[in-house]
Structures are given as structure tokens and as C-alpha cells.
Amino acid sequence: MGLKAAAAAGLKADRLRFPSVAAVARSRMMRLWVLRVTTTVLLWTCLVQLTAVGETWGPRVLRGWPSCRMAPDARRLAVPGPVVDREAALLPKRIYRNNGYLMVSCNGGLNQMRAAICDMVAIARYLNVTVIVPELDKTSFWNDPSEVRVLRELPPRMKRRVELGMFHSMPPISWSDISYYHNQILPLVRKHKVLHLNRTDARLANNGLPLDIQKLRCRVNYGSLKFTSQIEELGRRVIRMLRKNGPFLVLHLRYEMDMLAFSGCTEGCTREEADELTRMRYAYPWWKEKVIDSYVKRKDGLCPLTPEEIALVLRALDIDRNMQIYIAAGEIYGGKRRMASLTSAYPNLVRKETLLEPSDLRFFQNHSSQMAALDYMVSLESDTFVPTYDGNMAKVVEGHRRFMGFKKTILLDRKLIVDLVDHYKSSSLPWDEFSKLIKSVHANRMGSSSRRMVIPDKPKEEDYFYANPQECLRDPDLVRAWHPEEFSLFYREGLWLESRKDGAAT
């Protein structure tokens, strides 16, 4: 009995020292439950506090979250704040998912390529595809000296597909709206992984696009796209030389041989010159129009003004005879003979070739687009810009000067001008009356604010987006609102890329 009692007592003591497994499990579950409840309460408290102050200092991801204190309707309406202004937000910050690769070949001259790059970047941003521009029509003259890491070429696997011909190439339809790219182009990118657009001029509509697409075109054109440092440095030097002598006017005198051959305009040319221009037109098979009536075309206002005609117009507008006039153009067809009237009326005519030493231009001399880039820079900074023809450069500079604060740009009514010039030269219109009519007609054609003319189903005849980017003009902070960590452009070694800071092309 004594042994049994001792054993029972010992067993009871062991049970007190070593609780049962079930008891231990219950204790652990209780502690875990208490820890979870405490953690949940703490996290919700922190989240409520962060949300309450998120509008002031919190990260963008917290802004617009419904607060516990909001009414139900207010919660449904809560959205992230706009990047630029409340009326016209830019594209929202996104989680990037690459849908494929878009290779682009830019065709045309300087300003066709400029507009094309802006359009293709906007399209790629909308479709969430990686845009790569491996080809430009001319030698490289674009650059953005950003230090952002970018994708410079296709990844090895995609590059191998292209080398094996496993990609699709096509020209997109001209003047297409964004639904065409979403419904027709995006499925092709997803199907083939790599899509090559082999033409890019005028492939995006002027009108009827979402506001964020229009603003993105402006952000690329005015905020990111830059020339190489060599071109920019030389352009700034020319501008300084002109500014040292006071105000200056830039005359974009489109009277080069190729322009006249293409347009078929031969006003003031000799018979031999007219024949030479005709031969040149027939020598280029991609210039579709061959038989052209120069007289009719000029009367319809479709020819560039001649040097003689523009001399009369500038005088009629009372442009000071001593004004510096910078000629933004290539070699004028007919040379000194055709420039005689203009030089006589305005002796302070200058060109980049007369302002700079031959050594300054030796790297640009044989590259027409690089020379045009210098003219573009000077045209932007001029006190007055006067284009004699509404080609691509004239339109893009016009729009850029509007964006810079509606700088004075005299948009000439060529059809009316040639009619008045013919009457004046035939002595049926006295000079005073001629001058009065020229001033009256152009009083409201100085590049001021206006609405783009929209012509449904005739995009070639309506106002060009880049000549009057009206969606961007009411937003002076558009470029300053540019966030380089979200978007940048880079061009080097023949490639234009849109990239993010983490190195992934977007």
C-alpha cells in the first residue's frame, strides 16, 4: 500500500510538471489567435491612418482609395488625381505587360520622321507593346542624352525569330484612328510576337482620338524628342549670332529644285529650267503625278511662292528693310538670278552657310536632313516665321511655335497673293491698294489661337494635328509635368525607344 501511494503521488507530480499534449496544443492555439487579432487590428489602424493622409504625402497608389469616412457614393467616385490638370489627365500609371514588339521604319524627310516617331510611341504606349525603331530614312540625327537604361534591340529569342523571317511586315492604313490599332494591329502583334510597320507617315488620325493620346503625341514631340548634341550646339550658336544683331525673321523659302520638280511649278523659270524640272519628275517613279499644268496649279494657290512674289509680300506687310532675314532652305533653284529681287528689297539676307565657317558644316554638308534640323532650331527661335509653302516643316514648326506661346507665324494665303501680285504687275492694282489688301487678309493669320478644321473622310484636306495641337495648347505645364521615371525616349545607333527607368522598354 505504501508503494502504491508513493507511486500515485509521483505520477500526480509528473502530470503537474509535464502537462498533457492536448493541453499544450490548446495553449498554443490561444496564443496564436491572440497574436492574429492583435496584428489585424494594428494593420487596419495603420492603413486607416495612411489613407487619411495619403492625399497630402502618401504614395500615388494610396491616393483615391475609399476612406472609411467616405459616403458610399463618394467611394465609388474616388479616382487617382490627374497628372497635369483635372480637365485633361494624361495616360494613367500602369502595370506594364508587354504584348509584343513593334519594329518601325520611318520614311520621309526630317519632319515626317519627327511626326512618325511621336505617333508610333503614342500607339505603342496605348497598346502596351515595346516599340523599336531600327531604321530611319536618313543618317542618325536624333538623340536624347538621358541616362535611363533602355532596351536597344530585340531580345535574343525575338531577334532570332526575325532572322528566320518569323515576323509580319505591313504598312498601316493612313490616317487611322486608335480603334484600328487596337482591333487590327494589336492582334497581329500578339499573333506574330514581332510586327514590322514599314511605313509610318501620316498613319494616325488628326482628330477623333482620345485626349490622352493627343497629349502623349505632344509630350514626345515637345518634351522628349531632341536632336544630337552636335546639331543643338551648332543651332544655338547660329541663334546667338543672329540675336547679337537684333530681331530676326526666318523665311522658309521652299524653292529648291526637287520641290519645284515634284510640284510641277515653273513660274518665272526659263524654258530650259522647266524642261529640266520635268525630266527630274519623270525620273522618280514614286512621284505619281507627272503631267502638271503649272499655271492652273499656281492660280489655285498650290505652288510655293517665288522669291520675287515673297519680296513683294514682305514689303506690303511693312517688314523693315533692315530686318535680318534668315533663309531656311536648301539651294535656291535659279541661284542669284531668282534671288535678285529679294536681295534688293532686303539686303540683310543670311543663311547658315554665310554665318558659319565651312569647317563648321563639314559634317552636315552632305546630309540634307541634318541641315534641315539646323533650320528647324533657328525657325523656332525667330521673332517671326514666314513659310512660303505649307509643307511638312512649315506645319510642324507652326505647331511648335503655337506650343511655345503662339509666337508670330505669318500664314500666307497663296491663292489670294498670286491673284493680287498678277493684278499689281499688270498695273491694274496700285501699290497702296495692293499693300492694304495684303495686310487686311493676313491680319488674322499670324499663328494665334484657332480651332483645327475637321473634314470628315478627307483627312488630307483638314488641318494637320502637328500644325495646331489644340489639345495641348491650353496646358502650359504639359512638358514640365513630364515624369522621366515613367517615360523617356532614347535614340542612339539608329534606334528610338520608349523606356522605363527599370530598363524595360514600354
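Reader: In which sense do β5 and β6 pair, and over how many bridges?
Author: β5 and β6 pair in the parallel sense, over four bridges. Two strands count as paired if DSSP finds at least two bridges between them. Strands are DSSP runs of E with at least two residues and helices are runs of H or I with at least four residues, numbered from the N terminus. This is a predicted model, in which local features need pLDDT of at least 70, side-chain atom pairs count only at pLDDT 80 or more, and totals for chains, interfaces and linings use all residues.

Reader: Which residue of β6 is the bridge partner of Leu-249?
Author: The partner is Ile-325. In β8, Leu-249 stands opposite Thr-384.

Reader: In what order do the four strands of the open sheet stand?
Author: The order is β7-β6-β5-β8, with parallel pairing. β7 (349–350) and β8 (384–387) each have a single partner strand, so one side of each edge strand is left without a neighbour in the sheet.

Reader: And over how many bridges do β5 and β8 pair?
Author: Strand β5, residues 248–252, pairs with β8 over four bridges in the parallel sense. Within that pairing, Val-250 has Phe-385 of β8 as its bridge partner. Helix α8 (residues 229–243) packs on the sheet and touches β5, β6 (324–327) and β7. The direction of α8 makes about 155° with that of β6. For such angles, axes are lines fitted to C-alpha atoms, for helices over the stretch in contact, and the angle between N-to-C directions runs from 0 to 180 degrees.

Reader: Next topic: how many residues has the largest nonpolar core?
Author: The largest nonpolar core has 65 residues, and Tyr-181, Ile-185, Tyr-326, Tyr-376 and Val-378 have the most contacts inside it. Helix α4 (residues 110–127) gives the most to this core, with 12 residues. A nonpolar core is a set of buried Ala, Val, Leu, Ile, Met, Phe, Trp, Tyr and Cys residues joined through side-chain atoms within 4.5 Å.

Reader: What does Val-378 touch?
Author: Not counting residues up to four places away in sequence, Val-378 touches Gly-235, Val-238, Ile-239, Leu-242, Phe-248, Val-250 and Tyr-326. A contact means heavy atoms within 4.5 Å. There is also a second, separate core of 39 residues, which includes Ile-319, Met-339, Leu-342 and Ile-410.

Reader: How many disulfides does the structure hold?
Author: It holds two disulfides; the criterion is a pair of cysteine sulfur atoms within 2.5 Å. In one of them, the sulfur atoms of Cys-218 and Cys-472 are 2.0 Å apart. That link is right-handed, with 90° about the S-S bond. Cys-218 lies in helix α7 (residues 211–224) and Cys-472 in helix α20 (residues 470–473), so the pair ties together parts that are 254 residues apart in sequence.

Reader: What of Cys-265 and Cys-303?
Author: Cys-265 and Cys-303 form a disulfide as well, with sulfur atoms 2.0 Å apart. The torsion about their S-S bond is about -85°, so this disulfide is left-handed. Cys-265 lies in the loop between α9 and α10 and Cys-303 in the loop between α11 (294–299) and α12 (307–316), so the pair ties together parts that are 38 residues apart in sequence. Both Cys-265 and Cys-303 are buried.

Reader: Finally, where is Glu-267?
Author: Glu-267 is in the loop between α9 (257–263) and α10 (271–283). Its relative accessibility is 33%, so Glu-267 counts as partly exposed. Leaving aside neighbours within four places in sequence, Glu-267 is in contact with Tyr-255, Ser-294, Arg-298, Thr-306, Glu-309 and Arg-338.

Key. Residues are numbered from 1 along each chain as its sequence is written. Side-chain values use heavy atoms; hydrogens and water are left out. Buried means under 20% relative accessible area, exposed over 50%, partly exposed in between (1.4 Å probe, protein chains only).
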